[in-house]
Amino acid sequence: MTTLIIGATGFLGSELVRQGRSAGRATAATFRSRPGNVPGVLWHHLDLRDPLQLDAVLDAVAPELVINASSGEADWATIADGPLRLAATTARRGIRLVHVSSDSVFSGADSPYDETALPDPVTPYGGAKAAAETTVRLLHPDVVVARTSLIIGDGGSSHERIVHELPAGTREGVLFRDDVRCPVHVADLAAALWELAASGATGVFHLAGPHAVSRYELGILIARRDGIDPALLPVGRRVDSPFPGALGVRLNSTATQRRLRTRLRGAREFLRTGPGPTAAGEGPDDAPA
């Protein structure tokens, strides 16, 4: 089965490509600016805002599965309109679709959120992500919508870079103590997405870690792992800042985890023990915070 990874040069997309090739899967990938360099992967330029480009890439690759791991940052045309176009096109061609969404579709007012929760976004980004979820589920009968949270790795994520840059004085800002999420390790997330893709399941799934931590607590965990003095991390509250955003968004992934062999580790575990997805039931139990 040939799989096309959209957004393959991003943090999650790169890990999906790496795991796909490691498992011997036929994998193709897309890029917006420049291609990656994973051996054995064919790279295709794709802008999801361009319907002609999308058709051309699908013609060239002829995939049986598409995983959309693109982030789109703050661009509605990419975040919302792009997945609409992708869902319509892949549905017409009979191609299975896995669409990666975000906990930003929630406000935090009714936390924790399980897979049945309806989006109630409070930011433009969250609104675009929520719109994408709705359209892909309406248009595609064979789709997985996978909501996740802050994606952490072994030094390569934007969240980890911020923890290094703030004490060094190369970035301004603070880490919020009132902004709570359920971080997930990129290797666990990618393995779970591959597992869901192969399962034939459809609908909404939550792929987040079981530990709810504030961005400040997450920063402390990263700092300790990387030998940075946590006392150097500036702290504040989102409610006191000019930056809008949800507070206390906890994704409950219990129902999804029961379906998976891949165990989604919590931040307090993977920032202590390092990389590597594990099978469900292996290692210490993680109780939600």
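A130 sits in helix α4, helices here being DSSP runs of H or I with at least four residues and strands DSSP runs of E with at least two, numbered from the N terminus. The model is a predicted one, so local features need pLDDT of at least 70 and side-chain atom pairs count only at pLDDT 80 or more, while totals for chains, interfaces and linings use all residues. Residues are numbered from 1 along each chain as its sequence is written, and side-chain values use heavy atoms, with hydrogens and water left out.

Back to A130: with a relative accessible area of 9%, this residue is buried (buried means under 20% relative accessible area, exposed over 50% and partly exposed in between, with a 1.4 Å probe and protein chains only). Setting aside residues up to four places away in sequence, A130 touches V105, P119 and P121, where contact means heavy atoms within 4.5 Å. T3 is 127 residues from A130 along the chain, and 25 Å separates their C-alpha atoms.

As for length, α4 has 16 residues and reaches 22 Å from its first C-alpha to its last, close to the 22 Å expected at 1.5 Å a residue (the expected span is 1.5 Å times one less than the number of residues).

Next comes the pairing of α4 with α3. The axes of α3 (residues 76–93) and α4 (residues 124–139) come within 8 Å and cross at roughly 10°; axes are lines fitted to C-alpha atoms, for helices over the stretch in contact, and angles run from 0 to 180 degrees between N-to-C directions. The two helices are therefore roughly parallel, given that angles under 35 degrees count as roughly parallel, over 145 as roughly antiparallel, 65 to 115 as roughly perpendicular and the rest as oblique. From α3, W76, I79, A80, P83, L84, A87, A88 and A91 do the touching, and they meet P124, Y125, G127, A128, K129, A131, A132, T135, V136 and L139 of α4. Sorted by class, this contact has 15 nonpolar, 2 polar and 1 charged residues (Ala, Val, Leu, Ile, Met, Phe, Trp, Tyr, Cys and Pro count as nonpolar, Asp, Glu, Lys and Arg as charged, and the others, Gly among them, as polar).

Seen strand by strand, the order is β3-β2-β1-β4-β5-β6-β11, an open sheet of 7 strands with parallel pairing; two strands pair if DSSP finds at least two bridges between them. At the edges are β3 (42–45) and β11 (203–207), each pairing on one side only. On average, neighbouring strands are turned by 20° against each other, direction ignored. β2 (residues 26–31) pairs with β3 over 4 bridges in the parallel sense, and F31 stands opposite H45 in β3. Between β5 and β6 there are 6 bridges, also parallel, with V98 opposite V144 in β6.

β6 is largely enclosed by the rest of the structure, because 6 of its 6 residues are buried. V143, V145 and R147 point one way from the strand, and V144, A146 and T148 the other way. Helix α6 (residues 186–199) lies across β1 (2–6), β2, β4 (65–68), β5 (96–102), β6 (143–148) and β11, running at about 145° to β5.

In α1, the buried residues are L12, G13, E15, L16, V17, Q19 and G20, covered by elements including β1, β2, β4, β5, β7 (151–152) and α6. Just after α1, G24 takes a positive phi of about 80°.

Most residues other than glycine have a negative phi, and most peptide bonds are trans. A62, in the loop between α2 (51–61) and β4, has a phi near 50°, positive although the residue is not glycine; A62 is exposed, with a relative accessible area of 53%. The peptide bond from S111 to P112 is cis, with omega near 0°, and P112 lies in the loop between β5 and α4.
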